[in-house]
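This briefing is meant for someone meeting the structure for the first time.

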Amino acid sequence: MRILVIEDDAALASYIRKGLESEHYAVDVALDGEQGALMGSDVDYDLLVLDLNLPKLDGISVLRCVRPTKPQLPVLVLTARPRVEDRVHALDSGADDCINKPFSYSELSARVRALLRRGRPSVESILQVADLHMDRVERKVKRSGRNIDLTAKEFALLEYLMRNAGRRITRSMIIEHVWNISFDTCTNVVDVYINYLRKKVDEGAPNRLIHTVRGVGYELSDKAGEVA
Amino acid sequence: MSEQREFMSDTFHALAQPVTALRATVELALSKEMDASASQRAFENCLQLIDQLMQDLAVFREIASLDEQPPVETCDGRALLQSCVAEMELVAQESRVQLKLNAEAALIQCNIQMFQRAIFLLLDEMIASAPSDSEIAISFCKHDEGFMLEMCPGTLQGQRQKLCSKLMRFAGGFDICATSESITGIFRDHTYRHIPALTLVDKRVLTSH
């Protein structure tokens with residue numbers, strides 16, 4: 001897997017590069033927007049890590065340069081801008097995910113893994129993982145034909161897990177996407193909801209679909225046992 | 001003090017403490033020969049301090065991101081509050097805390113998303129700091145100028161409380177008062193119509209007649 005990091009802060013770029021290389025990714029670094037746009041368009045990368053504040057060409061302009069030729073390329077945006085509108089603007093301009101600075105390396109790494117395992121986000125109304133079936137329009141969930149009643153929040157959580165089936169999802173990613181809050185909560189709200197969801201989805205079923213990933217978060221998949 | 005200056009001052013004070021502690025930990029670690037386990041402990045201390053710093057920064061980022069009053073709309077305040085409380089019911093049960101809601105029928109003017117975020121964050125913090133087998137009382141009752149939301153006990157002082165107060169204000173609330181005993185705020189009745197303040201020209205026109 002080859003990743004391009006476009007980040008003008010040399011120390012931060014080097015820290016990201018070293019971290020990703022230790023996970024056996026091949027990493028290139030571009031220190032300004034122009035160089036990044038050129039490399040992103042010409043070289044076949046599997047993922048782009050893109051800062052928004054860049055010299056010569058800003059991150060949004062880099063996205064606009066790269067997207068027409070690489071519509072499937074996953075892009076993770078790094079931003080220090082606090083406004084929700086900036087994040088929305090980045091996502092609308094073609095980014096697949098955003099992470100706020102400062103971030104922990106483990107969070108960045110989890111998001112990179114999640115993006116690398118998925119194609120472009122699905123917009124289907126029906127989601128299916130093994131025998132678990134979700135109709136997003138009818139707001140109905142079934143497992144092996146058995147109806148499962150979910151609250152609005154449980155539905156949103158399950159939908160997020162199903163959309164990211166087979167990927168490790170951190171608690172921060174869940175709280176950000178399902179609760180729309182970009183910092184840790186005081187309570188264990190995510191774990192509580194996962195436990196209730198697990199009772200409704202997995203209890204009585206021949207195999208578990210919602211797995212705990214120790215030290216990371218959760219994963220919804222058809223594999224057996226806990227995920228190490 | 002202007003809101004912006006107060007924010008800057010709060011930010012400085014909140015960040016100064018963990019940065020100072022972080023520097024002291026590193027200085028101490030560098031000043032003496034340490035075995036592997038002592039180094040490990042020093043690194044773990046640093047990581048804890050950095051995590052705290054990142055948490056504080058994340059809350060400041062949320063506060064800073066609220067810079068423009070969003071539009072308010074008429075909504076069923078009681079139903080909205082009931083759904084917010086129901087969402088945290090499971091978390092409260094796990095912590096053996098009872099959520100007691102007493103809400104009158106109330107058509108209010110508010111921004112629904114901001115209201116939901118404010119109640120979620122308030123309940124999240126209240127539940128986390130409440131002792132087992134205690135109760136959190138939430139009431140929403142008629143008041144002179146609309147409906148008063150009251151949540152007891154309040155939350156611990158700090159940036160999260162400031163964020164909640166700001167979210168309540170952005171949700172359309174006013175006269176917000178947050179203490180460790182309670183947090184209160186008033187939401188306008190749906191019939192309220194905002195009358196813009198008279199301009200100098202208006203006043204001249206009025207007084208000349």
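A residue counts as buried if 20 or more other C-beta atoms lie within 10 Å of its own, as exposed if 12 or fewer do, and as partly exposed in between. The model described here is predicted, and the points below are grouped by topic.

**One residue of chain B**

- Ala14(B) belongs to helix α1 of chain B, which covers residues 3-31.
- Once its neighbours within four places in sequence are left aside, Ala14(B) is in contact with Asp56(B) and Gln159(B).
- Although Ala14(B) and Gln159(B) stand 145 residues apart along the chain, their C-alpha atoms are separated by 8.5 Å.

**Chain B as a whole**

- Chain B contains six helices and seven strands, and from the N terminus on its elements follow the order α-α-β-α-β-β-α-β-β-α-β-β-α.
- Of the 209 residues in chain B, 29% count as buried.
- When the contacts in chain B with a separation of 6 or more are considered, residues 24 or more positions apart account for 78% of them.

**Two packed helices in chain B**

- Helix α2 (residues 36-65) of chain B packs with helix α5 (residues 159-170) of chain B at an angle of about 20 degrees, and their axes are 10 Å apart.
- Since angles under 35 degrees count as roughly parallel, α2(B) and α5(B) are therefore described as roughly parallel to each other.
- The crossing of α2(B) and α5(B) is left-handed.
- On the side of α2(B), the contact is made by Asp56(B), Val59(B), Phe60(B), Glu62(B) and Ile63(B), while α5(B) contributes Gln159(B), Arg160(B), Lys162(B), Leu163(B) and Lys166(B).
- Sorted by class, this contact of α2(B) with α5(B) has four nonpolar, one polar and five charged residues.

**Chain A as a whole**

- Chain A contains eight helices and 12 strands, and buried residues make up 34% of its 228 residues.
- Among contacts in chain A between residues at least 6 apart in sequence, 54% join residues at least 24 apart.
- Helix α1 of chain A, spanning residues 10-22, has 13 residues and reaches 18 Å from its first C-alpha to its last, close to the 18 Å expected at 1.5 Å a residue.
- After α1(A) comes His24(A), whose phi is positive, near 70 degrees.

**Two packed helices in chain A**

- The axes of helix α2 (residues 33-42) of chain A and helix α3 (residues 59-66) of chain A come within 9 Å and cross at roughly 20 degrees, which makes α2(A) roughly parallel to α3(A).
- The crossing in which α2(A) passes α3(A) is right-handed.
- The residues that make the contact are Gly33(A), Gly36(A), Ala37(A), Gly40(A) and Ser41(A) of α2(A), together with Gly59(A), Ser61(A), Val62(A), Cys65(A) and Val66(A) of α3(A).
- By class, the contact of α2(A) with α3(A) has four nonpolar, six polar and no charged residues.

**Where the two chains meet**

- In the contact between the chains, 18 residues of chain A touch 20 residues of chain B.
- Helix α8 (residues 189-202) of chain A gives the most to the side of chain A that touches chain B, contributing four residues.
- That side of chain A is made up, by class, of 11 nonpolar, four polar and three charged residues.

Technical notes
Residues numbered from 1 in each chain as written. Chains lettered and ligands numbered in written order. Predicted model: local features only at pLDDT ≥ 70, side-chain atom pairs only at ≥ 80, totals over all residues. Axes fitted to C-alpha atoms, helices over the stretch in contact; angles between N-to-C directions. Parallel < 35°, antiparallel > 145°, perpendicular 65-115°, else oblique. Left-handed = near helix turned anticlockwise from the far one by under 90°. Contact = placed C-beta atoms within 7 Å. Nonpolar A, V, L, I, M, F, W, Y, C, P; charged D, E, K, R; others polar. Expected span 1.5 Å × (residues − 1).
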